[in-house]
Amino acid sequence: MQMHIRHETRYRYERPVKYSVQSLHLTPRRDLSQRALAWNIMAPGRRLEQIDAYGNISHLLTIEEPHREIRIVVHGVVETADADARLDDGPLSPLTYLAPTQLTLPSDDLKAFAQNAVSQVEPRQRAQALADAVYGAVRYRSGTSDVQDSAAVAFKSGEGVCQDHAHVFIASARAVGMPARYVSGYLYTGDANDAASHAWVDAWLGAEIGWQSIDVTHKRPAVRTYCRLAVGRDYLDAAPVRGMRQGGGGEKMDANVLVAESAQQQ
């Protein structure tokens, strides 16, 4: 499948920003499950490209002149696998993804939930069983969570978005000894009004199987209609845009994502 993607992010500030630095994960990963046929980034300031510790293509965007707006546009074509291709292991050992982070530290209730979800399940089915359990425990509801909310907070509230589903799954998986990582990217749904950035997970099922990619929010494998931007221990490692600034006062951020099978649909 060929996915035609356009993603615009715009920041507006109340007052001029003196200096800003943004870390961008807005270029598709070089995975065995996908390849970028064409990809462009348009942004002000200076950009330094590098491969980060997780094997993601990242850019450090620096703007040293006073500004009241930042507009970042990426667009291109990505070819994805039609079947569940073995995912790239990446430069790090899967054991890296067992250590909890601030956003994925499990509460006692979450640990008990995870143990119960996989207690009677065969090893190869544990990841999907856990994803199904998380789907049932955290109802999808937009506008109920913040990017800084942890897995424990989302699990306790019982509501959240795809990011929360990913964090709760990761915290649960690690609690039962299953390495898991956060994935950011794009999902093609076939509905132009439903295009957006998305988050899902990879679960490590051992050397013979490797990583299994699961969209917890939609209860299905994350293959073919998914474009992977970045992976990491949690959202903070794989966020499409994350940065810091001096000055500016209040901030307003708008994002617009278009994902289509045909360029004409954009």
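Q: A salt bridge here is a side-chain nitrogen of Lys or Arg within 4 Å of a carboxyl oxygen of Asp or Glu; how many salt bridges does the structure hold?

A: This is a predicted model, in which local features need pLDDT of at least 70 and side-chain atom pairs count only at pLDDT 80 or more, while totals for chains, interfaces and linings use all residues. Residues are numbered from 1 along each chain as its sequence is written, and side-chain values use heavy atoms, with hydrogens and water left out. For the structure, the number of salt bridges comes to 18.

Q: How many residues apart in sequence are the parts that E69 and R10 tie together?

A: The side chains of E69 and R10 form a salt bridge, with N to O at 2.9 Å. E69 sits in strand β5 (residues 67-80) and R10 in strand β1 (residues 2-24), so the pair links parts of the chain whose separation in sequence is 59 residues. (Strands are DSSP runs of E with at least two residues, helices are runs of H or I with at least four, and both are numbered from the N terminus.)

Q: Which residues are linked with E69 and R10 in a network of salt bridges?

A: E69 and R10 meet in a salt bridge of their own. Both also belong to a network of salt bridges. Along with E69 and R10, the network takes in R6, E8, R12, R71 and D254.

Q: Where do R124 and E208 lie?

A: R124 and E208 form a salt bridge, with the closest N and O atoms 3.8 Å apart. The pair ties together parts that are 84 residues apart in sequence, because R124 lies in the loop between α1 (108-118) and α2 (126-137) and E208 in the loop between β9 (196-204) and β10 (211-215).

Q: Are R124 and E208 buried or exposed?

A: R124 has a relative accessibility of 54%. E208 has a relative accessibility of 71%. So R124 counts as exposed, and E208 likewise counts as exposed.

Q: How are α1 and α4 oriented to each other?

A: Their axes (lines fitted to C-alpha atoms over the stretch in contact) lie 8 Å apart, and the helices pack at about 75°. Angles run from 0 to 180 degrees between N-to-C directions; under 35 degrees is roughly parallel, over 145 roughly antiparallel, 65 to 115 roughly perpendicular and the rest oblique. The two helices α1 and α4 are therefore roughly perpendicular.

Q: Which residues make the contact between α1 and α4?

A: The packing of α1 against α4 has an angle of about 75°. On the α1 side, the contact (heavy atoms within 4.5 Å) is made by L110, K111, F113, A114 and Q115. On the α4 side, it is made by V168, A171, S172 and A175.

Q: Which backbone oxygen does the side chain of Q163 reach?

A: Q163 is in helix α4 (residues 162-175), and Q163 is buried, at 9% relative accessible area. Leaving aside neighbours within four places in sequence, Q163 is in contact with D146, V147, Y182, A199 and Y235. At 3.3 Å, its side chain reaches the backbone oxygen of V147.

Q: Which side chain joins that of H59 in a polar contact?

A: H59 is found in strand β4 (residues 57-63) and is buried, with a relative accessible area of 8%. A polar contact is a pair of N or O atoms within 3.5 Å; within protein, one must be able to donate a hydrogen and the other to accept it, and residues adjacent in sequence count only if both atoms are side-chain atoms. Not counting residues up to four places away in sequence, H59 touches several residues, including Q22, I41 and R47. At 3.1 Å, the side chain joined to H59 is that of E49.

Q: What is the phi of R224?

A: Most residues other than glycine have a negative phi. R224 lies in the loop between β11 and β12 (226-232) and counts as partly exposed, at 35% relative accessibility. Although R224 is not a glycine, its phi is positive, at about 65°.

Notes: Buried means under 20% relative accessible area, exposed over 50%, partly exposed in between (1.4 Å probe, protein chains only).
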